[in-house]
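Thanks for coming, everyone. Please have a look at the screen.

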Amino acid sequence: MINVKQDRNPMPELEADVRNKNFLEVETGYTEEMAINEAMRCLKCRNKPCVEACPVHNNIPEFIAKVAEGDYFAAREILSETTCLPAVCGRVCPQEKQCEGSCTRGFQGLDHAVGIGRIERFVADWCREHEEHKNEDAPVSHKGPKVAVIGSGPAGIACAGDLLQKSYNVTIFESMHRAGGVLAYGIPQFRLPKDIVDGEIEGLVKKGVKFVQNVEIGVDKTIDDLLEKDGFEAIFIGTGAGVHRLMGIRGEELEGVWAAEEYLANVNFNKAYGEKLEVPQAKHIVVVGGGNVAMDACRTAKRMGADTVTVVYRRSEKEMPARPLELSHAKAEGVEFMYLTNPVGFKADADGKLAQVECVTMELGEPDESGRRTPMPIEGSNFVLQADLVLMALGSDVNQVIVETATGVEANDKGQIIADEKAATTKENVFAGGDAVTGAATVIKAMGAGRLAAKSIDEYFNK
């Protein structure tokens with residue numbers, strides 16, 4: 001007889017002083033007893049606020065009820081109706097802002113929200129470990145129209161998966177040499193093991209999706225080429241936002257100033273796949289920014305052997321956009337934080353390599369468009385930090401090359417592709433979704449956009 005906890009079951013994890021020296025997954029996952037116990041905390045609300053708050057509208061109370069019964073395969077079947085990446089979403093989605101943020105237990109102050117993401121991860125992991133794969137890899141008949149999906153990240157995978165179930169002939173184009181997009185090269189191994197991502201890719205391949213890697217649409221081929229020369233009848237653009245932002249300050253071109261995204265990609269490829277991409281070795285690393293990429297970068301830098309890793313952020317901790325979980329993990333692992341601090345320049349040593357970061361102290365003024373108070377520099381507060389590597393985690397923008405080389409596909413003044421509520425762009429048979437349309441967001445929102453596009457593509461052909 002399981003004794004149901006009133007408060008939620010904590011997630012087991014590796015000790016901070018152990019995990020900050022390796023790339024093993026930090027959170028080790030629920031046991032069966034923990035998962036059932038947590039599932040039994042669900043109140044089975046009639047109005048299901050958690051479902052409404054989920055970007056793909058997972059049937060959360062239903063799949064959790066099956067976990068409470070110990071029927072994990074049934075739970076996965078329910079999840080598979082709306083998501084193709086439960087093992088991924090259970091690990092990296094910001095549940096505290098989505099499903100769990102609307103959970104009645106937490107919202108009404110009873111105690112804490114049900115650990116929906118933790119249970120989802122348990123279901124995916126348990127089923128992967130216990131199934132015999134008898135029918136999982138049977139190829140799906142794809143006699144339907146030929147559709148190109150640009151980008152193999154979460155939006156592209158979700159779109160391709162849904163189209164495959166409707167018998168479309170799907171080809172995914174990826175500019176990198178490995179498929180998976182941000183799942184493969186953006187999220188560190190200690191948060192998302194790459195065997196999970198590889199398993200999802202392999203599953204799509206076995207079911208009939210074609211992957212074409214090392215092809216950048218807009219450079220090697222254009223949208224027009226795909227439609228007019230290669231015979232594709234519809235296209236989904238799910239490329240994400242891959243252009244790194246810079247500050248435009250002096251010394252930014254110095255050896256030792258890196259985009260955090262490039263650093264993470266190279267480390268991921270080396271650690272997960274045994275490749276030999278360049279990764280600078282440094283003793284004193286400064287990470288600029290306060291989002292999830294900054295947290296991934298600083299935690300990775302710590303694991304790469306740096307003596308000191310310092311995050312500088314121009315606002316206070318209260319305004320940081322990073323997930324609270326990632327921030328707490330970074331602190332526990334020995335990362336230092338300097339708030340209300342902003343770089344104004346980088347200084348080189350006698351060999352022309354980065355040696356110092358000149359910073360200025362900030363103060364918060366009036367709220368900006370996002371509602372956060374605007375950081376303002378305090379005159380005369382300049383100081384320097386020693387650093388032989390800086391990782392700039394300032395966000396990213398959409399690559400313009402696809403739109404610039406495509407007839408009839410338009411973008412807004414931010415460079416984001418214009419798409420309507422059904423993911424249709426300004427070109428009749430071209431659809432788009434995810435970060436390429438909204439700017440940088442979450443994995444689950446990108447998946448929701450991919451699924452919406454698949455539905456719209458199907459409606460387009462059925463008309």
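Leu183 is buried, at 1% relative accessibility. Keep in mind that this is a predicted model. Where does Leu183 sit? Its place is in helix α10, residues 182-185. And what does Leu183 touch? Leaving aside residues up to four places away in sequence, the list is Leu85, Val88, Pro154, Ile157, Leu192, Lys194, Val197 and Val443. One more number for Leu183: its C-alpha atom and that of Gln213 are separated by 15 Å. Along the chain, those two residues are 30 apart.

Two names on that contact list lead us onward. Pro154 and Val443 are among the residues touched by Leu183. Pro154 belongs to helix α9, and Val443 belongs to helix α18. So let's turn to that pair of helices.

Helix α9 covers residues 154-165, and helix α18 covers residues 443-462. Two packed helices are described by the angle between their axes and the distance between the axes. What are the values here for α9 and α18? The angle is about 35°, and the axes are 7 Å apart. The crossing of α9 past α18 is right-handed. Which residues meet? From α9 we have Pro154, Ala155, Ala158, Cys159, Asp162 and Leu163. From α18 come Val443, Ala446, Met447, Gly450, Arg451, Ala453, Ala454 and Ile457. By class, that contact of α9 with α18 holds 11 nonpolar residues, 1 polar and 2 charged.

Now two loop residues. Most residues other than glycine have a negative phi, and most peptide bonds are trans. Ser167 is not a glycine, yet its phi is positive, about 70°. Ser167 lies in the loop between α9 and β2. Its relative accessible area is 27%, so Ser167 is partly exposed. Asn214 is not a glycine either, and its phi is also positive, about 60°. It is placed in the loop between β3 and α12, residues 223-228. Buried or exposed? Asn214 counts as exposed, because its relative accessibility is 52% and the cut-off for exposed is over 50%.

Next, a second sheet. This open sheet of 5 strands runs in the order β6-β14-β7-β8-β9, with parallel pairing. Its edge strands are β6, at 257-259, and β9, and each of them pairs on one side only. The twist here averages 25° from one strand to the next.

Let's stay with strand β8, residues 308-313. How many of its 6 residues are buried? The count is 5, so β8 is mostly covered. On one side, 5 bridges join β8 to β7, residues 284-288, and the two strands run parallel. Val287 has Val311 in β8 as its bridge partner. There are also 4 bridges from β8 to β9, residues 336-339, again parallel. There, Tyr313 stands opposite Tyr339 in β9.

β7, helix α14 at residues 292-303, and β8 make a right-handed β-α-β unit. β8, helix α15 at residues 324-332, and β9 make a right-handed β-α-β unit as well. Helix α14 lies across β7, β8, β9 and β14. Its direction is about 165° to β8.

Last stop: β7 and β14. Strand β14 spans residues 389-392, and it pairs with β7 in the parallel sense over 4 bridges. The bridge partner of Val286 in β14 is Val390.

That's the tour. I'm happy to take questions.

Key
Residues are numbered from 1 along each chain as its sequence is written. This is a predicted model: local features need pLDDT of at least 70, side-chain atom pairs count only at pLDDT 80 or more; totals for chains, interfaces and linings use all residues. Side-chain values use heavy atoms; hydrogens and water are left out. Buried means under 20% relative accessible area, exposed over 50%, partly exposed in between (1.4 Å probe, protein chains only). Two strands pair if DSSP finds at least two bridges between them. A crossover is right-handed if, with the strands pointing away from the viewer, the path from the first strand over the helix to the second runs clockwise. Axes are lines fitted to C-alpha atoms, for helices over the stretch in contact, and angles run from 0 to 180 degrees between N-to-C directions. A crossing is left-handed if the near helix is turned anticlockwise from the far one by less than a right angle, and right-handed if clockwise. Contact means heavy atoms within 4.5 Å. Ala, Val, Leu, Ile, Met, Phe, Trp, Tyr, Cys and Pro count as nonpolar, Asp, Glu, Lys and Arg as charged, and the others, Gly among them, as polar.
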